[in-house]
Amino acid sequence: MMSIRKIELLAPAKNLECGIAAIDHGADAVYIGAPSFGARASATNSIEDLAKLVDYAHLLNVKVYATVNTILEDHEVEESEKMIWDLHRIGVDALIIQDMGILNMNLPPIALHASTQCDNRTIEKVKFLQETGFNQVVLARELSFNEIHQIHQACPGVSLEVFVHGALCVSYSGQCYVSQAISKRSANRGSCSQFCRLPFTLKDANGKIILKDKHLLSLKDMNQLDRLESLIDAGASSLKIEGRLKDPTYVKNVTAAYRKALDKIFKRRPEYIAASSGVTELLFEPNLDKSFSRGATSFFANGRQSDIACFDTPKSLGEEMGLMKEMRGNYFTVAGLKPFHNGDGACFIDENGKLTGFRINKVEGNKIFPLEMPHIKPKTVIYRNYDHEFDKLLSKTSSTRTIGVQIKLTESVKGFTLQLFDEDGNEASVQLDQAKEEARTPQKDNIIRQLSKLGNTPFYPAAVEVTLQKEWFVPSSILNEARREAVEQLIETRKRNYRRIEQRFEKTSHQFITPKLTYLGNVMNSYAHQFYAQHGVTEIAPAFEKKTIDEAVLMFCKHCIRYSMGWCPTFQQDKSPYREPFCLVDPNGSEFKLQFDCKNCQMKVMRNI
């Protein structure tokens with residue numbers, strides 16, 4: 001018998017509006033910031049808004065995950081514990097957490113997911129988390145298909161969540177301390193200062209400049225749209241879109257693109273099915289080139305590759321439109337196949353390697369009239385990073401999501417019975433106490449028409465069956481009232497029958513993956529200290545945020561500048577003409593030494609003391 005696996009498309013939500021947009025455009029689950037203690041400090045939401053989102057989501061069997069994934073101070077434990085009980089009370093399906101101290105709190109029976117901030121990149125770590133009681137683990141972005149498959153084979157009992165789209169952190173998540181070191185803004189506390197998006201000068205050991213003012217730590221954005229089937233086959237069950245700070249337009253477009261791609265896979269692969277209910281009908285054609293993007297990369301999905309960084313700019317380039325042909329007074333011409341629109345935003349990389357943007361005032365064929373004329377050299381690539389017409393399209397209703405119902409009208413002793421059956425096995429039944437009168441004209445078409453009017457409801461008529469012994473006259477007003485009552489009944493039944501995972505956590509004591517924890521363990525509070533002690537850790541250092549270590553490694557990166565330059569002694573033949581160690585200099589003049597750990601295929605960034 002074929003084994004069926006549910007596949008979850010997990011979309012981000014900055015707020016209630018974004019959460020509803022994600023659901024309407026095909027998300028099977030939504031992750032969203034709680035009132036506090038989330039890894040995006042500027043993306044918090046009230047309990048009231050979260051309750052509204054949960055109510056909307058559960059009707060479609062869509063799950064809502066709340067992010068509580070910062071490390072906590074001892075004085076924050078009581079507040080976070082109360083908040084977690086509030087989240088459970090309103091129906092949140094799971095918490096995404098980083099701090100293991102939460103497991104030693106007084107928790108409600110709620111599912112826990114291990115955030116990517118936990119640094120989940122090995123079989124040993126995922127197995128430990130599975131034995132601890134986590135039912136979903138968010139894997140490190142740097143893992144390849146093969147590594148994901150190996151973890152799935154070793155840990156089949158836990159759901160694996162993988163990022164498929166959006167911004168990439170250059171350091172392993174949860175292992176980046178540079179923001180805390182230079183500005184006291186901790187990435188593990190939700191306040192990353194985006195150090196990796198700054199321009200740097202790269203110098204060698206002799207002080208010779210190798211590169212100047214380049215964004216050497218800024219990565220392109222992940223895009224796995226064409227690799228979803230490989231990810232699912234490798235063992236991923238939850239496919240995650242990054243973007244809890246993005247606007248509704250981004251959420252709509254990206255979620256719709258991945259929903260459409262997954263549905264195509266499911267048609268060919270019946271062993272995979274969507275994790276939620278309903279059919280999403282898009283009123284536009286999704287196009288990932290039209291949403292914020294620093295350029296696309298599959299990162300390390302198929303192993304190491306050089307073209308993963310975006311040294312010229314950390315900003316969105318958008319879609320390539322063509323080449324600048326010639327300047328003519330107050331306009332210039334573009335040689336390309338795609339048309340610009342009035343009000344578009346455009347950009348290009350100038351001769352100094354800097355991104356320059358401008359707004360288009362008017363378009364006449366291939367003639368572009370900018371608001372202010374930029375200086376563009378002929379044959380320069382022109383990009384569109386804001387499509388005015390596309391944005392206007394998505395500002396309106398751009399999708400519908402409805403649940404198929406079978407509608408049946410049959411005779412009963414007192415009159416007629418109307419029944420609705422949805423795709424999840426729920427049903428509603430309404431008795432029509434109506435005297436039976438024979439009609440003078442055929443009634444079936446009108447009955448079907450009236451019962452099919454589900455336009456302002458969460459349902460659509462998948463089929464309508466009318467089984468009557470005679471041509472009985474049933475007034476349209478009676479049919480409409482019965483239909484409305486049946487719909488309301490079915491909505492309440494769906495809400496009542498929704499089942500979330502109720503998981504009580506028992507204290508565990510199995511051995512952690514290492515007997516000693518340095519600052520990399522991110523132990524911020526006594527509850528976390530107690531957790532690791534009960535799991536066999538004998539030496540537990542405090543978190544970097546509690547005790548700064550001058551000589552500490554501040555970033556652990558799979559991205560390697562030496563590899564990007566073509567000088568990797570392991571994979572490449574060319575040798576560097578510069579003397580190591582290399583050093584990064586930020587715009588404030590602070591220096592950061594680079595250390596290349598070839599054994600572990602990592603680049604480490606630390607203060608140059």
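Leu-16, Gly-19, Ile-20, Ile-23 and Asp-24 of helix α1 touch Asp-49, Lys-52, Leu-53, Tyr-56 and Ala-57 of helix α2, where contact means heavy atoms within 4.5 Å. Sorted by class, this α1–α2 contact holds six nonpolar, one polar and three charged residues. Here Ala, Val, Leu, Ile, Met, Phe, Trp, Tyr, Cys and Pro count as nonpolar, Asp, Glu, Lys and Arg as charged, and the others, Gly among them, as polar.

This is a predicted model, so to speak of local features takes pLDDT of at least 70, and side-chain atom pairs count only at pLDDT 80 or more, while totals for chains, interfaces and linings use all residues. Residues are numbered from 1 along each chain as its sequence is written, and side-chain values use heavy atoms, with hydrogens and water left out.

Back to the helices: the axes of α1 (residues 16–24) and α2 (residues 47–58) come within 10 Å and cross at roughly 10 degrees. That makes α1 roughly parallel to α2 (angles under 35 degrees count as such).

Now for the strands. Four of the five residues of β17 (residues 345–349) are buried, so the rest of the structure largely encloses this strand; buried means under 20% relative accessible area with a 1.4 Å probe, protein chains only.

| Partner of β17 | Sense | Bridges |
|---|---|---|
| β18 (residues 355–364) | antiparallel | five bridges |
| β20 (residues 381–386) | antiparallel | three bridges |

Gly-345 sits opposite Arg-359 in β18, and Cys-347 has Tyr-383 in β20 as its bridge partner. β17 and β18 also make a hairpin with five residues between them, and Gly-353 in the turn has a positive phi of about 80 degrees.

Definitions and conventions: Buried < 20%, exposed > 50% of the residue type's maximum accessible area, 1.4 Å probe, protein only. Helix = DSSP H or I, 4+ residues; strand = E, 2+ residues; numbered from the N terminus. Pairing = 2+ DSSP bridges. Axes fitted to C-alpha atoms, helices over the stretch in contact; angles between N-to-C directions. Parallel < 35°, antiparallel > 145°, perpendicular 65-115°, else oblique.
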